[in-house]
Amino acid sequence: MAWNFRPGIRTEIVITLAVLMAAVVGLVGIVFLKVEERSLLEQKLREGKQMTASLQRFLQELNLTDAELTDAQPPPVTLRRMVGLFAESHLHSHFTVVNRDFRILADSRAERVGKVLKDDELERALTVNKIVAHGAGEGERLSLWKKGSLYFSAPFSVQGKTLGAIRAELSLDDLREIHSRSQNMIFLYILFDAVVLVAFGFFLLSRIIVNPLKKLVQMAEKIGS
């Protein structure tokens with residue numbers, strides 16, 4: 001004989017209440033995480049733009065000439081030292097300086113010096129003559145839900161003449177750690193809130209609805225008999 005389980009009205013109401021509460025609290029948690037993610041990224045964007053602008057000013061103060069930055073000449077030692085010191089003062093960041101032919105003149109990772117770094121974002125920064133913030137790929141939306149760094153591309157000029165471009169890379173791992181802790185806290189909050197609400201709702205249902213209904217059914221059965 002097939003077992004046919006049919007929950008009572010109390011069980012049905014409690015299950016419905018639990019699902020609704022979990023859905024509402026979960027939706028609130030997702031909205032909170034989205035707002036926090038946007039706030040963290042905006043803070044990092046401001047920080048990155050300030051760092052890139054500082055590097056632009058330092059490069060201007062070196063008073064480099066166009067002849068010093070051609071492919072035929074070795075990269076100036078002062079430029080490499082300055083980029084290395086700048087990277088040491090900004091942890092979890094990497095900086096690259098290229099000339100107008102996109103050859104790397106200085107890099108916080110010394111093994112990259114002499115290579116070519118050319119992409120659409122660097123070209124766009126030179127075209128619009130301002131700092132451009134972007135993800136690892138072209139048109140990629142910044143997010144803490146997936147791996148990747150935050151990049152800034154910007155031109156650098158000496159005495160009003162554009163001599164090359166800057167690429168700054170900022171790690172987002174610190175923000176992801178903060179975001180991950182928030183996710184864990186929200187999950188625990190949802191679990192705790194759902195348990196409390198269901199228990200409280202179960203008590204109220206038993207007292208206000210289910211028990212009076214049982215008494216009403218018993219009275220109807222007595223009248224019917």
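Biologist: How many residues in the lining of the largest pocket are nonpolar, polar and charged?

Modeller: The lining divides into three nonpolar, no polar and five charged residues. Here Ala, Val, Leu, Ile, Met, Phe, Trp, Tyr, Cys and Pro count as nonpolar, Asp, Glu, Lys and Arg as charged, and the others, Gly among them, as polar. The model is predicted: local features need pLDDT of at least 70, side-chain atom pairs count only at pLDDT 80 or more, and totals for chains, interfaces and linings use all residues. Residues are numbered from 1 along each chain as its sequence is written, and side-chain values use heavy atoms, with hydrogens and water left out.

Biologist: Which residues line the largest pocket?

Modeller: First, the general idea. Rolling a probe the size of a water molecule over the atoms shows where empty space is left. A pocket is an open set of points on a 1 Å grid over the protein atoms alone, where a 1.4 Å probe fits, with protein on both sides within 12 Å along at least five of seven lines; lining residues have an atom within 4 Å of a point. In this case the lining is K34, E37, R38, L41, E42, L45, R141 and L142. The space in the largest pocket is about 150 Å³.

Biologist: How many salt bridges does the structure hold?

Modeller: Side chains of opposite charge can pair when their charged atoms come close. The cut-off: a side-chain nitrogen of Lys or Arg within 4 Å of a carboxyl oxygen of Asp or Glu. The structure holds twelve salt bridges. One of them joins D174 and K44, with the closest N and O atoms 3.1 Å apart. This pair links distant parts of the chain, 130 residues apart: D174 is in helix α4 (residues 173–224) and K44 in helix α1 (residues 9–62). Helices (H or I, at least four residues) and strands (E, at least two) are DSSP runs, numbered from the N terminus.

Biologist: Is K44 buried or exposed?

Modeller: Buried means under 20% relative accessible area, exposed over 50%, partly exposed in between (1.4 Å probe, protein chains only). K44 counts as buried because its relative accessibility is 8%. D174, at 37%, counts as partly exposed.

Biologist: Which residues are linked in a network of salt bridges?

Modeller: They are D107, R109, R112 and E169. Within it, R112 pairs with D107, the closest N and O atoms being 3.7 Å apart. D107 is buried, at 7%. R112 is partly exposed, at 22%.

Key: Points joined across faces, edges and corners; volume = space filled by probe spheres on them.
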